[in-house]
Amino acid sequence: SGFKAGTQKIEMLVKKRFPKARVLRMDFDTTRKKESYEKILSAFGKGEADVLVGTQMIVKGHDFPNVTLVGVLAADISLYASDYRAAERTFQLLTQAAGRAGRGEQAGEAVIQTYMPEHYSIQAAVKQDYEAFYRQEIAYRNLMGYPPVMHMLEVKISSKNEGNLEKSCDDMKKFSDMAGDKKLFITGPVVPQVYKLNDIYTQVVYVKAADYEMLTQFKDNIEVHVKDNILYKNVSVQFNFD
């Protein structure tokens with residue numbers, strides 16, 4: 001919701017700074033209605049507006065030959081996500097955004113605003129240097145044992161009842177310690193960045209292994225363990241790989 005206010009505020013500032021400019025806004029609010037997404041893009045594409053303000057949805061592969069300037073605000077926001085792919089997503093988003101400018105006859109320019117200009121994903125995106133990004137990122141993944149270097153299983157344990165969640169997490173810890181293999185690296189259950197969402201509490205177990213089969217076997221063992229187990233009454237257990 002911070003971003004909703006963000007795009008509205010930026011739209012207002014753009015209109016104030018450039019009173020003659022025709023401004024369109026594209027965010028969750030303005031694209032709720034069916035086909036509104038296409039309408040906004042087509043209006044901008046036809047030159048019915050001079051400026052398009054929006055969330056990251058506006059950089060996804062649209063081709064506007066007349067766009068000569070792209071600006072990205074708070075480019076590092078995606079780096080704060082508690083996810084090993086945060087740098088990759090940031091690089092991807094910024095190269096996509098920068099690639100929107102200067103696709104026609106005229107040259108283009110991209111301006112990126114960030115609090116972390118020295119971060120390798122932002123540096124590499126500015127230079128559109130895919131190899132430099134890859135070298136840094138794969139070194140980080142190697143160091144941390146993240147995919148594609150190792151495989152990873154995320155076990156999400158959720159419940160509307162915090163007490164139930166605590167009990168099932170205590171049990172999951174005991175089960176993991178007992179059923180785990182020394183070739184499995186197990187962390188958790190830990191409280192994620194967002195512990196409570198829509199009245200649902202969540203904790204997470206992360207399991208890493210070089211061998212994918214070991215992870216799938218471990219997942220199967222958990223499924224058997226939680227099925228019909230009283231400790232997991234009103235508790236949901238979900239799995240995500242890599």
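This is a chat about a few local features of a predicted model.

Q: Where is Phe175 found?
A: Phe175 lies in helix 6, which spans residues 162-179.

Q: Buried or exposed?
A: Phe175 is buried, because its relative accessibility is 11% and the cut-off for buried is under 20%.

Q: Which residues does Phe175 touch, not counting those up to four places away in sequence?
A: Phe175 touches Gly180, Asn221, Ile222 and His225.

Q: And what separates the C-alpha atoms of Phe175 and Ala86?
A: The separation is 30 Å, with the two residues 89 apart along the chain.

Q: Switching to helix 3 and helix 5: at roughly what angle do the axes cross?
A: The axes of helix 3 (residues 86-98) and helix 5 (residues 130-144) cross at roughly 170° and come within 11 Å.

Q: Parallel or antiparallel, then?
A: Roughly antiparallel, because angles over 145 degrees count as such.

Q: Which residues meet there?
A: From helix 3, Ala87, Glu88, Phe91 and Thr95 meet Tyr130, Phe133, Glu137 and Arg141 of helix 5. By class, the contact of helix 3 with helix 5 has four nonpolar, three charged and one polar residue.

Q: Now the strands. In what sense do strand 1 and strand 2 pair?
A: Strand 1 (residues 23-26) pairs with strand 2 (residues 51-54) in the parallel sense, over four bridges.

Q: Which residue is the bridge partner of Met26?
A: Gly54, in strand 2.

Q: What does the chain cross through from strand 1 to strand 2?
A: The chain passes through helix 2 (residues 36-45), and this β-α-β crossover is right-handed.

How values were computed
Residues numbered from 1 in each chain as written. Predicted model: local features only at pLDDT ≥ 70, side-chain atom pairs only at ≥ 80, totals over all residues. Heavy atoms only, no water. Helix = DSSP H or I, 4+ residues; strand = E, 2+ residues; numbered from the N terminus. Buried < 20%, exposed > 50% of the residue type's maximum accessible area, 1.4 Å probe, protein only. Contact = heavy atoms within 4.5 Å. Axes fitted to C-alpha atoms, helices over the stretch in contact; angles between N-to-C directions. Parallel < 35°, antiparallel > 145°, perpendicular 65-115°, else oblique. Nonpolar A, V, L, I, M, F, W, Y, C, P; charged D, E, K, R; others polar. Pairing = 2+ DSSP bridges. Right-handed = clockwise from strand over helix to strand, strands pointing away.
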